[in-house]
Amino acid sequence: GGSWVLPTTTGWWLLALAVSLGLAGHLLGSRLVGAGLVTDAGILLGSVLAIALVTAWGEAALASAAGAVLGPEEVLAGHGVTWTLSTHVPFGVPHEVTWRTGGTAHVSAPTGRCTPSLDGAARLGLDPQERGILTVSASRLSVTEPLGLARGSRGLRASTETIVLPRPLTVPSEVLSAVVSRARSEGALAAPRSRGGAASGDLRPYRPGDPLATIHWRQSARTDSLLVTEHEDEAGPRAVIALDTAPAAYRGRSDAHHHRTGPRTAARPPADRGGSQVDEDPCTRGHDGPAGDRERAIRLASSLLAELTGSGVSVQLVVDGVPVDDVTARRILALLPRSDEDADARSGPTAGLATVGGDGAHGDVRVPGGPGEVVDLLITGVGGPSAGAAERCAALLVRVHDGALHLDEGTRP
């Protein structure tokens, strides 16, 4: 919006007093000696307010925001973070910034929140509760003139977007150890490499920044120029995790007619699927039933990415059969549709992906490549593929049901 100027609360009281004195002096007129002084006092107070309004308008016109809103590109849901906007106002008079938030990520702070600018910068602290995109914008800069009688304001167009990653989830030790163990055992079966990479390595001219340890001194002395050995990186443990986000995978047969009236209780794996319960979440913060299970599965995949990467395991994430770039994997999880309606609208057959058939009642699951491809871990729900169907494409299976995680290590080596 544009600029405006208005009296403060004190200014409105001053205006009321000025009008009252002016009317009193006019009505008393010649009846009271000195009535003219009352009128003059009202005019004087009104003039002071007018000067304050002009001053506030001028200060607001000269005020400005330096640069854009500064904040993190991404943040974990449930973690507080601060956004900053640098401001400049003549003479350092008190001023504040009005903020607005939007996007798909839910925040606890109401929109239209005002924060004072201290030391030339206004700061907004938020605690995003849901994953998604959070838009933070500074909409107005308001200035109060020195007497505190008037406030001027001008519109701002400074905004930024932050990706709110899924809320961290404590990965059960059974799940983490099973995936790490399989990743490392598969790596042990790979073709052995010589220490430091390829047996001989390729020689190339030295470039600034190359480690001194890579310089081949003997060949450099022969050619009278610095040469470095470029070794092939040694392959480390790698895990492939598949996530099933189809809403139907998290709906049981009775979900359409089932409504909970009491606290969530411990879930048991379906009798025909086996496995063991490794974790239970009695509250999924704003979600219930199938929607809560689906959200928990997404949180599990995101937390597994962080845990495995921290353990030195390279991770390839596959979402609904589509391989995801490992650099942006957690961001993609953050941007997945949250409501069942949106997710249903975006789900469907994916070209170039193999489909492992289920038993009709439990649906299908897609994995990249062909029927022989196997992922290390499949995360799905109670309505996902049956144990037999999942076993043909995944070595490990985690099924999310009623807020609990169930691990089935299957029969694959």
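Let us begin with a single residue. If we set aside its neighbours within four places in sequence, isoleucine 379 is in contact with Ile241, Ala242, Leu243, Asp244, Tyr250, Ala297, Leu300, Ala301, Leu304, Val398 and Val400. Keep in mind as you look around that this is a predicted model.

In soluble globular proteins, nonpolar side chains tend to be buried together.

From its first C-alpha to its last, helix 5 reaches 32 Å over 22 residues, close to the 32 Å expected at 1.5 Å a residue. Because 16 of those 22 residues are buried, helix 5 is largely enclosed by the rest of the structure. After helix 5 comes glycine 312, with a positive phi near 85°.

The buried residues in helix 2 are Ala35, Gly42, Leu49, Ala52, Ala56, Glu59 and Ala60. What do they pack against? Their partners are strand 1 (4-7), helix 1 (9-28), strand 8 (132-144) and strand 9 (150-165).

Leucine 6 has a relative accessible area of 43%, so it counts as partly exposed.

Now for the charged residues. Side chains of opposite charge can pair when their charged atoms come close. How many salt bridges does the structure hold? There are four. In one of them, arginine 331 pairs with glutamate 74, and the closest N and O atoms are 2.8 Å apart. Arginine 331 lies in helix 6 and glutamate 74 in strand 3 (residues 74-76), so this pair ties together parts that are 257 residues apart in sequence. Another salt bridge joins arginine 131 to glutamate 295, with the closest N and O atoms 2.6 Å apart. Here the link runs from the loop between strand 7 (121-126) and strand 8 to helix 5, 164 residues away. Is arginine 131 buried or exposed? Arginine 131 is buried, at 1% relative accessible area, and glutamate 295 is buried too, at 6%. Arginine 182 and aspartate 376 form a salt bridge as well, with 2.5 Å between the closest N and O atoms. This pair connects helix 3 with strand 18, so it ties together parts 194 residues apart in sequence.

We finish in the loops. Most residues other than glycine have a negative phi. Aspartate 224, however, has a positive phi of about 60°; this residue sits in the loop between helix 4 (217-223) and strand 11 (227-230). With 71% relative accessibility, aspartate 224 counts as exposed. Aspartate 320 has a positive phi too, near 50°, and is placed in the loop between strand 14 (314-319) and strand 15 (322-324).

Definitions and conventions. Residues are numbered from 1 along each chain as its sequence is written. This is a predicted model: local features need pLDDT of at least 70, side-chain atom pairs count only at pLDDT 80 or more; totals for chains, interfaces and linings use all residues. Side-chain values use heavy atoms; hydrogens and water are left out. Helices (H or I, at least four residues) and strands (E, at least two) are DSSP runs, numbered from the N terminus. Buried means under 20% relative accessible area, exposed over 50%, partly exposed in between (1.4 Å probe, protein chains only). Contact means heavy atoms within 4.5 Å. The expected span of a helix is 1.5 Å times one less than its number of residues. A salt bridge is a side-chain nitrogen of Lys or Arg within 4 Å of a carboxyl oxygen of Asp or Glu.
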